[in-house]
Number of protein chains: 2
Amino acid sequence: MTINIAVFSLIVGVISILFAIFWLVKIRKSPSGTKEMLEINQAVDIGSRAYLKRQYQVIGLVGFIIFFILFFALGKILALGFLIGALGSAIAGYFGMLNSVKTSVRTAEAAKTSLSQAFKLAFYGGGVTGFLVMGLGLIAVSGFFLLTGNIESLIGLGFGGSLISVFARLGGGIYTKAADVGADLVGKIEKNIPEDDPRNPGVIADNVGDNVGDCAGMAADLFETYVVTLIGAMLVGHLFFESEPIFVFLPLLLAGLAGLASIIGSFFARIGEDSSKIMRGLYYSLFASSAISLILFYFALKFLAIENWFNLFLASLVGISIALLMVFITDYFTSKNFWPVRMIARSSEQGHATNIIAGLSISMLATIFPIILISLGIVASFSLFGLYGVATSAVAMLSMAGLIITLDAFGPITDNAGGISEMAHLSEETRKRTDALDSVGNTTKAVTKGYAIASAGLAALVLFGDYAVSLEKLGGKKILFELNDPLVLIGLFFGAMLPYIFGSLAMLSVSRTAGKIVEEIRRQFREIKGLMEGTAKPDYSRTVDIATKAALREMILPSLLPILITIVAAFVFGPKTLGGILIGVIISGLFLAISMTTGGGAWDNAKKYIEDGNHGGKGLFAHQAAVTGDTVGDPYKDTAGPAINPLIKVINVIALLIVGFLV
Amino acid sequence: MTINIAVFSLIVGVISILFAIFWLVKIRKSPSGTKEMLEINQAVDIGSRAYLKRQYQVIGLVGFIIFFILFFALGKILALGFLIGALGSAIAGYFGMLNSVKTSVRTAEAAKTSLSQAFKLAFYGGGVTGFLVMGLGLIAVSGFFLLTGNIESLIGLGFGGSLISVFARLGGGIYTKAADVGADLVGKIEKNIPEDDPRNPGVIADNVGDNVGDCAGMAADLFETYVVTLIGAMLVGHLFFESEPIFVFLPLLLAGLAGLASIIGSFFARIGEDSSKIMRGLYYSLFASSAISLILFYFALKFLAIENWFNLFLASLVGISIALLMVFITDYFTSKNFWPVRMIARSSEQGHATNIIAGLSISMLATIFPIILISLGIVASFSLFGLYGVATSAVAMLSMAGLIITLDAFGPITDNAGGISEMAHLSEETRKRTDALDSVGNTTKAVTKGYAIASAGLAALVLFGDYAVSLEKLGGKKILFELNDPLVLIGLFFGAMLPYIFGSLAMLSVSRTAGKIVEEIRRQFREIKGLMEGTAKPDYSRTVDIATKAALREMILPSLLPILITIVAAFVFGPKTLGGILIGVIISGLFLAISMTTGGGAWDNAKKYIEDGNHGGKGLFAHQAAVTGDTVGDPYKDTAGPAINPLIKVINVIALLIVGFLV
C-alpha cells in the first residue's frame with residue numbers, strides 16, 4: 001500500500017512533466033514574429049543562458065565543496081540526496097527560464113491581434129514552468145525515497161534544493177533589479193526615453209534580468225518550497241508515528257492527488273478581450289483545482305480510514321483556505337483597484353518622499369492580515385492533529401503550487417513581451433495589450449510570493465518541530481525551548497537578525513551593481529555617437545557582461561553569511577539557541593518578506609495606475625515620484641523579499657543536518 | 001537600612017531637581033537676543049504651549065477613564081500610582097519643552113559671537129531637562145514607595161508613565177514630522193526657499209514641532225524608561241527574593257548613586273571653538289559619570305555584603321558597557337564621519353531612488369551590532385545573577401539617563417536656535433555655528449534613541465520575567481512558554497505584529513497630516529499677495545492650529561489599537577499567548593525601532609554632509625535626492641521609531657496588570 005503511494009506520486013510527477021511538454025508543443029506551434037523581434041529575443045536568450053551557465057558554475061563549485069563535506073560527515077546517501085535536490089532546483093530554474101524566453105516573443109506576436117490569444121500563450125508558458133517544477137518535485141522526492149527508503153537522507157535533498165534556491169533567487173534577483181534600476185535611472189530619468197527603448201544600452205540586460213531573476217530564480221525557489229514542505233511533513237510522520245508508515249507516505253499521496261487536480265484545474269482559466277477581467281479569469285483555475293483537490297483528499301483519507309481522518313481532511317481544508325485567502329489579501333494590497341495602491345498613487349502628487357512614506361506604511365500594514373491568517377491557521381491545524389495537522393495544512397497549500405507557479409511565470413513572460421513589442425516598434429495597440437497583461441503579471445508575481453512565504457512559515461514550523469523531536473530522540477531527553485531561558489531568547493534575537501542581515505546586504509548589492517550599470521550606460525551614451533538619435537546601436541552585451549559578473553560576485557556573501565552565523569551560534573551556544581534561531585528567523589523573515597514583496601508590488605502598480613492617466617498621467621510630477629517608488633520597490637520585491645523564503649528554510653534544514661552533532 | 005535607601009534615593013531626586021534649577025538660573029542670566037528674535041521665540045512658545053495644553057486635555061480624558069477602570073478593578077492605591085506616573089510624565093514633558101524654548105533663543109544669541117558659549121548654553125539647557133526627568137523619576141518611585149510600601153501598586157505608576165508617553169511621543173512625533181515634511185515639501189522643493197525661511201507659513205509650526213516632539217515627547221518617554229526600568233527591577237527583587245527586602249531596594253540605591261555620578265559627570269563636558277570636536281566634548285561627561293557610577297556601585301555593593309555581590313557589580317558593568325557601546329554604534333551609523341552616512345550621500349548622486357535604497361539598507365544593517373550586543377549582555381548578566389542580574393544591568397544603564405537626556409534635549413535646542421537665527425536674519429557666521437551644533441544634535445538624538453531602545457529591551461525582558469513568575473504564584477503552578485506550543489507561537493506572531501501596526505499607522509498619520517499642512521501652505525502662498533516677495537507676513541498660527549488638531553486626532557488609534565489587541569488576544573487565547581506577545585513585541589520592536597531611528601539619523605546627516613559641499617553641495621541633483629531621503633527618514637526617526645520604545649513597555653506592563661484575571 002505505502003509503496004504504491006510513492007509509485008503513484010512518481011507517476012503523477014511524470015504526467016505533470018508530460019503535460020508541460022504538451023503545452024510547450026502548443027506554444028511552439030504559434031507564430032514567433034518578425035525577424036526584428038526574433039533578433040531581440042535571441043539577444044535576450046543568449047544573455048540569459050550565459051548568465052545561468054556562469055551562475056551554475058559558481059554555485060556548482062560551492063555545491064561541490066558542500067557535497068564532500070556532507071559525504072564525509074553524514075554519509076553518501078544523504079550527499080546523494082543533496083546532489084539530487086541541487087540538480088532538481090537547477091533544472092527547474094534553467095528550463096523555466098528557457099521556456100519564458102521562447103514564449104515571450106510569441107506572446108508579443110499574438111498581442112498584435114488579440115488580447116485573449118496573447119493571454120493564452122503567456123498562460124501556457126507559465127504552465128510549462130509550473131507543471132515542470134511540480135513534476136520535478138514529485139519525481140525527486142518519491143523517486144529518491146523509492147530508491148533509498150531512507151527518510152533522513154531526504155533532508156539532504158531538501159538542503160540541496162534550498163541552498164541552490166537561495167543562490168539562484170539572490171543572484172538572479174540582484175541581476176534583474178540592478179539592470180532594471182540602472183536602465184531606468186539613466187533611460188527614463190536622465191535621458192527621458194521610454195522604458196524598453198532600444199537606444200538604451202541596458203535594455204537587453206533588463207530583459208535578461210526578468211528571465212534569470214523572476215523566472216529561473218522563482219522556479220528554483222518554488223521547487224525548493226515544494227520539496228522541503230513535502231520532506232518536512234514526511235519527517236513529522238516518521239518521527240511522531242514510527243509504527244504507522246502510512247503517515248510518512250500520506251504527504252506524497254496528497255501531493256500526487258493535488259497534482260492531478262491542478263492539471264484539471266488549469267483548463268478552467270478563462271479570458272476574453274476585456275483586460276479588466278484577466279485576474280478573474282486566472283482565479284477560476286485556482287478555485288477549480290482547490291475544489292477538486294479537496295474532493296480527492298476527502299475520498300482518499302476516508303478510504304485509508306486513518307483514525308480521526310476527518311480531522312486531517314479539515315487540516316487540509318485549513319491549508320487550502322490559507323492559500324486562497326493569501327492570494328486575495330495580496331491581490332487587495334497590490335492591485336490597482338483598491339485603496340492601498342491608489343493611496344500611494346495619490347501621495348505621489350506631493351513628491352518623491354511622500355510616495356516613499358506611503359509605500360513604506362503600506363508595506364508594513366500589509367503584514368497584518370497574512371500574519372493573523374497564518375497564526376489562526378497554525379492554531380486550527382495544530383488543534384486538529386498536532387504538528388502533523390500543521391504539516392498536512394502545509395502540504396495542502398502545495399496543492400496549488402502548479403497553478404501558482406503558472407501565474408507567477410506568466411509575469412516575466414508578459415513583461416518580456418512588452419519589452420519586445422517596444423523594442424521592435426510594434427503598434428501602440430499591441431503595447432497596450434502587453435501592458436494590460438504586464439500589470440496583471442505584477443499582481444500575480446506578488447501573489448505567488450505571498451503564497452510562497454505563507455507556506456514557508458508553516459513548512460519551517462514543521463521543520464522546527466522535526467528538529468525538536470530529533471534532538472529529543474538523539475539526546476534521550478526532552479529539551480524545552482522556553483521563552484524564559486536566555487539561551488532561547490538570544491536565539492530568537494539572532495534568528496530574527498538573519499533576514500535583516502540578508503536583506504540589507506542584498507539591497508546594498510543591488511545598489512552597488514546598479515551603480516556599475518549606470519556608469520556603463522552613461523559611458524555608452526557619452527561615447528557612442530548617434531546613439532540618442534537612433535543612428536548607432538548600443539553595445540548591449542557589455543552591459544549584460546557587467547551585470548553578470550557583478551551579480552555573481554555579490555550573491556555569495558549574503559547567501560553564506562546567515563548560514564555560517566547559524567552554525568557558529570549553534571556550536572557556541574548550543575541546541576537551545578539554535579531552536580530559538582529557527583523560530584526567530586521565521587518570525588522576522590515572514591514580516592520582512594511579506595512587507596517587502598507586497599510593498600514592492602504596490603509601488604509598481606501605483607506607478608502603472610498613474611500611467612493609466614490618473615493624477616496627471618505619464619511624465620508629470622506625480623509620475624516621477626511614482627517611478628522613484630517603483631525603483632525603491634524593485635530590490636524589495638524581486639531581490640531581498642523573495643529570497644527570504646528559501647533563506648528561512650535553509651536555516652531550518654541546516655538545523656536538521658547538524659542536530660546529530662549537538663547532543 | 002532599606003527605608004534609608006528609599007529616603008536616600010528621594011533626596012538624590014530632590015538634589016537632581018535643584019541642580020536643574022541651578023542651571024536654569026544660569027541660562028536665564030544669559031542675554032536673550034534682539035526684539036525680532038524674541039518675537040519669533042514667543043510665537044514658538046505660544047504654539048508649543050497651546051499644543052501641549054490641548055494634548056494633555058485629550059490624554060487627560062483617556063487617562064481619567066483608565067483611572068476609574070483601575071480604581072474599581074485593581075484598587076485605589078494602584079490607581080493613585082497610575083495618576084502619579086501619568087502626572088510625572090506630563091510634568092517632565094511640559095517643563096522639558098518650556099525649557100527648550102527658552103534656551104534656544106539664548107543659544108542663537110550666544111552663537112553670534114562664540115561656538116563654545118552657544119554650546120554651553122545648549123548643553124545646560126539639555127541638562128535642565130535631563131536632571132529634571134531623572135529627579136522626577138527618583139522622587140516618583142521612591143516617594144510613592146515610601147508612602148504606600150506597596151510594590152504591586154508601583155506597576156500602576158509604571159503604566160501611567162508608559163501610557164502617557166506613548167501618547168506624548170506619538171502625538172508630538174506626528175506633529176513635528178508633519179510640520180517638518182509639510183514645510184519642507186512646499187518651501188524647499190516647490191518654492192526653492194531655504195529651510196526656516198520666515199516667508200514659509202509652516203516655519204513656526206516646524207519649530208513648535210521640534211519642541212513638542214523632540215523635547216516634550218522625548219522627556220516623557222525617558223521618564224517612562226526610567227521609572228519602568230526601576231519598577232521592573234524592584235519587582236524582580238520582590239518576586240524572586242521574598243525574604244530579603246534588600247533586593248527590592250537595591251535598584252533604588254543604584255539609581256540614586258548613579259544620579260549623583262551624573263551630576264558630577266556633567267562637569268566634565270568640554271568644548272572649544274573647533275566644531276569637529278563637539279561630540280568628543282560631550283562624550284567626556286558620559287565617560288566620567290560611568291566611571292564614577294561604577295566606583296560607587298562597587299563600594300555600595302561591597303558594603304551591603306550581599307552573597308555574590310561581585311556578580312551584581314559585574315552585571316552593572318555589563319549594563320554600563322551596553323549603554324556606552326550603543327552610543328558608539330549609533331554614532332558610527334549616524335555621524336558624517338563614517339562609511340554609512342557617506343555611502344548614502346554618495347548614492348544620492350544617482351538620484352532619489354538610490355538614496356532611499358541605500359538608506360533602507362543601512363537602516364537594516366544598523367540593527368545587527370546592537371542586537372548582538374544586547375544578546376550577549378542578556379546572557380552575561382543572566383549567567384551572573386539570573387533575572388535579577390538582567391534587571392541590575394538595566395538599572396545600571398539608567399545611570400547614564402540624566403546625561404543621555406541632556407545630550408538629546410541638546411538637539412531640539414540647537415535645531416530651534418538654527419531656526420531663529422535664519423528667521424531673524426542673523427549673520428552667515430552665526431548660522432554656521434548653529435548648524436554645526438545642529439548636526440551634532442542629530443547624532444545625539446539618534447544616540448539617545450539607541451540607548452533608550454536597548455534599555456527598553458532589557459527592561460521589557462525583566463517585565464516578562466515578572467509576568468511569568470506572577471502567573472506562577474497566582475495560579476499555583478508553573479506555566480511553560482514553549483516554542484513548540486502553538487499558543488506561544490501565535491503570541492510571538494501577534495506580538496511581533498504590534499510594532500508593525502503601530503509604525504504603519506503612525507507613518508500614515510504623518511502622511512495625512514503633512515498633506516493637510518502642504519495644502520494650507522500652498523493656499524497661503526497662493527492667496528496672500530506679496531508673501532514670496534517678503535512684503536506680507538504669512539499666517540503662522542493657522543498652520544500651527546491645523547497641525548495641532550490633526551496630530552491630536554491621529555495619535556489615538558495607533559496608541560490604543562496595540563493595547564486593545566493585546567488585551568483581547570490575552571483573554572481569547574490565554575496567558576501563554578500573552579507571554580508570546582510580550583516577547584514578540586520586544587523582538588520585532590527592537591529591530592524596527594533601531595532600524596528606523598538609526599536609518600532616519602543617517603539620512604538626515606547624509607543630507608547635511610552634502611550641504612557641507614560634498615557631491616556638488618546644496619541645490620544640485622544629489623542634494624535634492626538627499627532631501628528626499630531626509631524627509632522619508634523624518635517620520636522613521638522622530639515619529640514611529642522612538643514611540644516603539646514606550647509601546648514595548650506599555651504592552652509588558654499591561655500584562656502585569658491583567659495577569660490576575662488570567663489565572
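Leaving aside residues up to four places away in sequence, K608(A) touches K336(A), D438(A), S439(A) and N442(A), where a contact means heavy atoms within 4.5 Å. This lysine sits in helix 17 of chain A, which covers residues 575–611. Helices here are DSSP runs of H or I with at least four residues, strands are runs of E with at least two, and both are numbered from the N terminus. K608(A) counts as buried because its relative accessibility is 11%; buried means under 20% relative accessible area, exposed over 50%, and partly exposed in between, with a 1.4 Å probe and protein chains only.

A word on what is being looked at: this is a predicted model, in which local features need pLDDT of at least 70 and side-chain atom pairs count only at pLDDT 80 or more, while totals for chains, interfaces and linings use all residues. Residues are numbered from 1 along each chain as its sequence is written, chains are lettered from A and ligands numbered from 1 in the order in which they are written, and side-chain values use heavy atoms, with hydrogens and water left out.

Over in helix 6 (residues 203–240) of chain A sits C215(A). C215(A) is buried too, with a relative accessible area of 0%. Again not counting residues up to four places away in sequence, C215(A) touches G96(A), M97(A), S100(A), D210(A) and P412(A). F95(A) is 120 residues from C215(A) in sequence, yet the two are 9.3 Å apart in space, C-alpha to C-alpha.

Stepping back to the whole of chain A, the tally is 18 helices and zero strands. The C-alpha trace spans about 75 × 50 × 45 Å along its principal axes. Of the 663 residues of chain A, 71% count as buried. As for contacts in chain A with a separation of 6 or more, 85% are between residues 24 or more positions apart.

Then there is the second copy. The same surface serves both copies, as 100% of the contact residues of chain A recur in chain B.
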